Amino acid sequence: MSLSSIMRLAGATALVGVSAFAVQAQTSGEPIKIGAIVSATGAGAGLGIPERNGMLLAEKTINAKGGINGRPIKLIVEDDASNPDTALSKANDLLFSQKVVALIGPSLTASTVAIGGVTHANKFPQIAFTGIGPAVEKERKCLAHILPPQKLNAQALLEYAKSIKATKIGVLHDAGYGNVVMAEIRLLAESYGVKLVAVEKFEVGATDTTTQAAKVKAAQPDAVFIIATSATPFRNVKQLQMTQPVVAAIGSSSYEYVNAMGPGADNVVIPEFVVGEDPLPHQKAFVDLYKQTYNSTPKNFEAAGWDAVHVMAQAIGKAGPNATPQAICDAMRGPYSGVLANFNFSADDMTGIPLSSFVFSKLVNGKYTRTPFRIAQ
Amino acid sequence: MTSRLFWIAVALAVWAVLPFVVPRNIADLLVFTGIYSIAGLGIGLLLGHCGIVNLAQATFYGLGAYASAYCTVMMGLPSAVGFVAGAVISMALAYVIGRPILRLTGYFLALGTLALSAIASALFFEWDWLTGGTLGIGGIPKLDLFGFVLDRPSRYYFFVWIVAFACMAVARNLVDSRTGLMLRAMRDSSTAAASLSIDLQGLRTRVFVVCALFGSLAGSLFAHHASFVSTQSFTVDRSISFLLIPVIGGATSIPGIVAGAVFVTFLPEFLSKLGDIHQILFGLALVAVVVMLPDGLMGAVGRIRAWHVARRGSDAG
């Protein structure tokens, strides 16, 4: 953990005590250890760092409110450096050496698929910071997803395209979660009356996507979808002076990426959940606490970190202190009203977020404004 | 001699007990050490005995891993078929590519192997219908030896290290044979070797094919251990990690290869406990070893041993 994170956390500890959120309560006994894996370095750091901030804030808040049935929780956060091999090694360490009772993370889809092999084989409770992706994940019923399934992300993008009457769509997507969202868009495009005029793929963490962006520009689409966890394609689209509306999937919504987009961020529309500048009523308390603690505005991934820890803490509390991993899995599978959205972890997609949960925001001068467009229930 | 046998027996006893006394994540790293030792052994043969810098080992490592993943998950074939398919494809590719590029020498050859690694990495990424791309192929079964499933690091450890020891025996045999003499002659003076009718290109190609075989075996072992393979495991970065193994440990020494593999598997893991600066610390450690121990870790051991012998001799005098 960096020095600035430690200083912020020290601040968080003090602030939690005086915040409207916290009700001081004593915790005692052996801490309940929960493992967490995020991409704090590498290509996924723009996701992993805010997720870690949200989780650490949740840990402090839960402990200030009395922990789980009086016992404090202790988060052991590891960095997988955005690499699935490292993620797997960290998961083995947390599960079998550190003896954590549950696992939260990782940040990226490939790492989630890799770790799922271990947690699924051991019926171990896990909440991933990814939406359900490849087919192999459908049978992993101890693996809940705190972010929307990729089909929902695809639907949200297409709903917005329909609302602005864009029928010719160009897509720039990465080879990670962008690939899965793209596969869903291909299946849904016709039903939305949309024609995909150019679809260009690039590697996760690519530092230049100008060639791909130029091909999309040449196809003269009505709108451009960018599905990635990166700022690079946004910069390249701007450099090529493309004037079409840009609609981006949630993966690029964190401020870490937005700040790196520079002028490329202007007028980008993102279907997402938390607009820190203008939160929904049920998100306000979290947003205020986060701002007080970290002196910055939270977004979706901070809220995902916060929600994941609360969902897991609630499941452990419900299953009891000496519950088996399977019992915690069973306790996790149910409805939960979170900051990000209303979940139902007993749904087939292990998330249960309705499409109407999305809010649509527009970036203006590096800040988000919530647009009036919503998808009807 | 008796003392040497005693130390070999102690080392064997420690090796046999180790996976049962260390935590599971350390046993996991010991498995990776075995896998990396096999891949690094091939690089060590090329570097230490032929003077060739091979930056393409991740290609053969990837071919072995994808062959195992595809044969077992997509085609439902036994694991052994994946091992054999990976080895055959890797050796054939090494022969076909090796014949033309091994005409090069020095930096040009290193760049040639780097190009091979970059091309393979791009193909692994683009051919996602075959490799699964960045999302990879999951659900690769654990190895099953006559009903005994190697589903824990403490079990897989023995299998991996027995394969590693077998590869070390092959490498030792090659180095001690007439071929080994020719290799050293070629490394030290290729002109003199050629004047003795040694087929330099054929010799280099043979060692390159052996190196590819070791890389492929390591890749197949990795796939069955991780149960998941994706392009991120077979990038140029991984080729550089493999090259570091003989550079750090000592290219001509088999224990040096193991020491190098321990360095590249254990050190990043321990440094990661120190926070987000762990990658910088690993880089600094690497620079320190290369600058302070130019002959590698085993070179330093040799120097300490020579110093002890000299000191004992002067004391006796």
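Guide: The side chain of A:Lys90 forms a salt bridge with that of B:Glu269, at 3.8 Å from N to O. A salt bridge here is a side-chain nitrogen of Lys or Arg within 4 Å of a carboxyl oxygen of Asp or Glu. This is a predicted model, in which local features need pLDDT of at least 70 and side-chain atom pairs count only at pLDDT 80 or more, while totals for chains, interfaces and linings use all residues. Residues are numbered from 1 along each chain as its sequence is written, chains are lettered from A and ligands numbered from 1 in the order in which they are written, and side-chain values use heavy atoms, with hydrogens and water left out.

Visitor: How many salt bridges does the rule find across the interface of chain A and chain B?

Guide: The pair A:Lys90 and B:Glu269 meets in a salt bridge. For the interface of chain A and chain B, the number of salt bridges found by the rule is three.

Visitor: Which helix of chain A supplies the largest share of the side that touches chain B?

Guide: Helices and strands are DSSP runs numbered from the N terminus (helices H or I, at least four residues; strands E, at least two). Strand 2 (73-79), helix 3 (84-97), helix 4 (109-121), helix 6 (177-188) and strand 7 (195-202) of chain A each supply at least two residues of this side. The largest share, nine residues, comes from helix 3 of chain A.

Visitor: What is the area buried between chain A and chain B?

Guide: Contact, meaning heavy atoms within 4.5 Å, takes in 32 residues from chain A and 24 residues from chain B. Buried area is the accessible area (1.4 Å probe) that two parts lose on being put together, summed over both. Carbon and sulfur atoms give 50% of the area buried between these chains, which is about 2,400 Å².

Visitor: Within chain A, which residue forms a salt bridge with A:Lys299?

Guide: An automatic or database domain assignment divides chain A into domain 1 (3-148 + 280-354) and domain 2 (150-276 + 358-370). The closest N and O atoms are 2.7 Å apart, and the partner of A:Lys299 is A:Glu272.

Visitor: What is the area buried between domain 1 and domain 2 of chain A?

Guide: The contact takes 28 residues from domain 1 of chain A and 24 residues from domain 2 of chain A. Carbon and sulfur atoms give 62% of the buried area, which is about 2,100 Å².
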